[in-house]
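Hi everyone, thanks for coming. Have the sequence and the structure open while I talk, and click along with me as we go.

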Amino acid sequence: KVSIRIDGIRVEVPKDSTVLQAARSIGINIPTLCYLEGVNKTGACRMCLVEIEGERGLQTSCTLPVKEDMSVITRSRRIREARKENMQLILANHNSDCLSCSKNTSCELQKMCEDLGMYGVLMRMQALKPVDDRSPCIVRDPNKCILCGRCIAVCKNVQGIGVLSMAERGLDTEILPAFGNSFEEAPCIFCGQCINACPTAALTEKSEIDKVWEALEDKDLHVVVQVAPAVRAALGEEFGMPIGTSVTRQMYTSLRMLGFDKIFDTNFAADLTILEEGTELLERIKSGGKLPMITSCSPGWIRYIEIYHSDLLEHVSSCKSPQQMMGSVLKTYYAQLNGLDPKKIFSVSVMPCTAKKYEASKEEMAGDHGRDVDAVLTTRELARMIKEASLDFASLEPSDADEIFGDYTGAGVIFGATGGVMEAAIRTVADILEGAEIEDIEYEAVRGLEGVKEASVAVGGLTVKVAVAHGTDNARKLLELIREGKADYHFIEVMACPGGCVNGGGQPYVSPFEREKFNVMQLRAGALYKEDAELPLRKSHLNPSVQKLYSDFLGKPGSHKSHEFLHTSYRK
Ligand code: HC1
Ligand code: SF4
């Protein structure tokens with residue numbers, strides 16, 4: 001420990017702290033736009049300036065290590081003026097059209113202007129630079145970028161990808177994919193982690209809200225919606241509810257009030273995925289197929305392995321993701337069942353993810369019926385639609401999803417947290433291997449936020465070895481083990497985003513202060529595990545509606561029809 005003084009207050013902090021961290025530990029929230037705990041540590045924005053007694057210049061507290069007995073001053077006329085001057089420089093290069101900006105009221109720059117009292121400062125940029133909306137998922141507006149570097153840091157240090165960098169100099173400086181490429185060419189995996197790290201609206205998802213409103217208003221279309229597991233664990237945050245509040249049944253009501261004809265749940269398709277994937281795994285084990293088999297539900301992850309490790313693609317399960325399985329089943333079986341023309345069904349999904357927009361647009365995710373999924377909204381976009389429709393979300397009466405594609409088990413719910421797909425798979429595979437109903441179904445070893453998790457489960461005379469990775473940099477570690485022949489696992493779960501879908505690139509924005517105060521991933525995951533524990537059925541193969549889909553339409557898991565509608569192939 002080191003003892004220092006901050007504005008005259010004695011404080012003891014760990015010796016590897018920065019002055020910024022020390023100040024925050026006693027409730028002095030020194031302002032900063034570039035620092036993001038665990039992600040980005042720079043002195044780029046120069047808002048966190050402090051004085052050190054006995055030293056001359058102002059220093060950036062985010063990069064300044066504490067020293068025994070140092071005396072820090074965080075507020076003085078000099079500091080206030082310097083911060084304001086720096087803010088003026090930022091604003092001279094920022095399109096401050098706050099009222100019509102998608103980050104209005106959740107923008108860190110806006111809030112900091114208010115905190116600093118930047119009243120009466122004229123904010124007008126000279127000339128606007130072109131906005132890059134060439135990718136299917138991410139829009140980059142250089143006129144909103146304040147060059148904080150958080151997006152560069154999360155892409156490189158957290159995801160291990162590194163497609164973003166600073167280009168040009170002086171007033172022309174921009175952060176963008178190398179050589180001015182589009183995100184698609186970069187190549188970016190569309191995980192959207194950079195969007196979540198951005199303090200302003202320089203990076204946002206490509207909105208499909210208008211497309212969905214248009215479909216909802218088209219009397220000729222039958223508009224169905226599915227909602228991903230992780231959405232329910234975070235949507236409430238957009239309406240002021242605490243992080244970790246589950247809003248499943250209010251969410252269904254809101255979708256009905258928005259005008260969707262049927263409300264379905266991706267959790268149903270998650271159960272379906274377990275049957276297909278579990279069957280594929282057992283088949284690979286029995287017949288000496290490629291092992292370890294790796295999950296295929298996270299589209300950011302699929303794009304990552306397709307682009308960066310395509311030599312290992314044979315390890316990936318051929319299952320489409322639950323989003324796409326649901327889309328495909330709705331335009332075939334559901335259409336048949338209800339005498340609907342698949343071309344008149346407009347299928348929407350609500351996802352915690354930006355890469356799902358790309359997944360739904362892939363050529364291989366369509367058939368005679370057209371696209372499996374016609375439009376993908378992020379959790380944030382759904383919240384915006386609810387606000388546009390003036391619904392008082394918190395006071396909506398809870399209701400249920402529609403039969404039969406709204407029926408699910410606890411195994412489907414936990415897909416949204418890292419380790420959840422694996423746990424769901426083990427619950428089913430273990431019962432099949434054991435030939436009996438196993439009662440103890442909480443597989444704690446695959447839960448939690450460790451980067452790479454391992455477990456082995458002894459069932460039916462076989463020891464099934466599994467591993468789980470979340471965040472592509474952790475996935476890379478497992479891929480390297482496979483390449484070196486050192487990965488003797490049967491099954492690996494990979495999710496592109498750290499924490500899994502609960503922390504997807506389409507989830508509600510969390511401010512840096514909330515990130516420091518709460519374990520956001522754990523709280524959101526907790527909401528899913530709680531819902532799982534409260535459900536009467538918690539194993540995918542026990543879902544009676546999935547059983548009905550097999551008996552009426554698909555035959556059995558892994559059948560010819562399943563392969564036609566529920567499986568896919570990959571791009572080398
Ligand atoms: Fe996910 Fe999935 S869990 S990928 O993380 O397999 O996005 O929530 O919908 O498709 O079910 C995301 C979440 C989601 C799929 C499922
Ligand atoms: Fe990097 Fe992901 Fe952002 Fe693409 S979406 S630039 S891969 S952080």
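One definition before we start: when I say a residue is near a molecule, one of its heavy atoms lies within 4 Å of that molecule. And please keep in mind that this is a predicted model.

Let's begin with ligand 2. Which residues are around ligand 2? Going up the sequence, we have Ile138, Cys155, Ile161, Val163 and Leu164, and then Cys188, Ile189, Phe190, Cys191, Gly192 and Cys194. Sorted by class, ten residues of that shell are nonpolar and one is polar, while none is charged.

While you are in that part of the chain, click on proline 187. The peptide bond joining alanine 186 to proline 187 is cis, with omega at about -5 degrees. Proline 187 sits in the loop that runs between E8 and helix H5, residues 193–197.

Now over to ligand 1. This ligand is surrounded by 17 residues, and the closest of them are Ala230, Cys297, Gln323, Lys356 and Cys501. For alanine 230, a backbone N or O atom lies 2.8 Å from a ligand 1 oxygen. Proline 322 also takes part through its backbone, with an N or O atom 3.4 Å from an oxygen of ligand 1.

Some of those names come back when we turn to the cavities. How many cavities of 30 Å³ or more are there? The count is six.

By class, the lining of the second largest cavity has ten nonpolar, two polar and three charged residues.

You'll find threonine 295 in the loop between strand E12, residues 293–294, and helix H9, residues 299–308. Is threonine 295 buried or exposed? Its relative accessible area is 0%, and buried means under 20%, so threonine 295 counts as buried. The side chain of threonine 295 reaches the backbone nitrogen of valine 494 at 3.0 Å. Beyond its neighbours within four places in sequence, threonine 295 is in contact with several residues, among them Glu277, Trp301, Phe491 and Val494.

Proline 292 belongs to the loop between helix H8, residues 266–287, and E12.

On to the largest pocket, which has a volume of about 1,200 Å³. It is lined by 50 residues, and the closest to its centre are Lys103, Thr105, Ser106, Cys107 and Tyr509. Which element gives the most to this lining? That is H3, with six residues. By class, the lining of the largest pocket has 19 nonpolar, twelve polar and 19 charged residues.

Stay on threonine 105 for a moment. It has a positive phi of about 75 degrees, although it is not a glycine. Threonine 105 lies in the loop between helix H2, residues 77–91, and helix H3, residues 108–116. Its relative accessibility is 72% and the cut-off for exposed is over 50%, so threonine 105 counts as exposed.

H12 is one of the elements that supply at least two residues to that pocket lining. Helix H12, residues 379–388, is mostly covered, with seven of its ten residues buried. After H12 comes serine 390, whose phi is positive, near 55 degrees.

That's my tour, so over to you for questions!

Methods
Residues numbered from 1 in each chain as written. Chains lettered and ligands numbered in written order. Predicted model: local features only at pLDDT ≥ 70, side-chain atom pairs only at ≥ 80, totals over all residues. Heavy atoms only, no water. Helix = DSSP H or I, 4+ residues; strand = E, 2+ residues; numbered from the N terminus. Buried < 20%, exposed > 50% of the residue type's maximum accessible area, 1.4 Å probe, protein only. Polar contact = N/O pair within 3.5 Å; in protein donor to acceptor, adjacent residues only side chain to side chain. Contact = heavy atoms within 4.5 Å. Nonpolar A, V, L, I, M, F, W, Y, C, P; charged D, E, K, R; others polar. 1 Å grid on protein atoms, 1.4 Å probe; cavity = no way out; pocket = protein on both sides within 12 Å on 5 of 7 lines; lining within 4 Å. Points joined across faces, edges and corners; volume = space filled by probe spheres on them.
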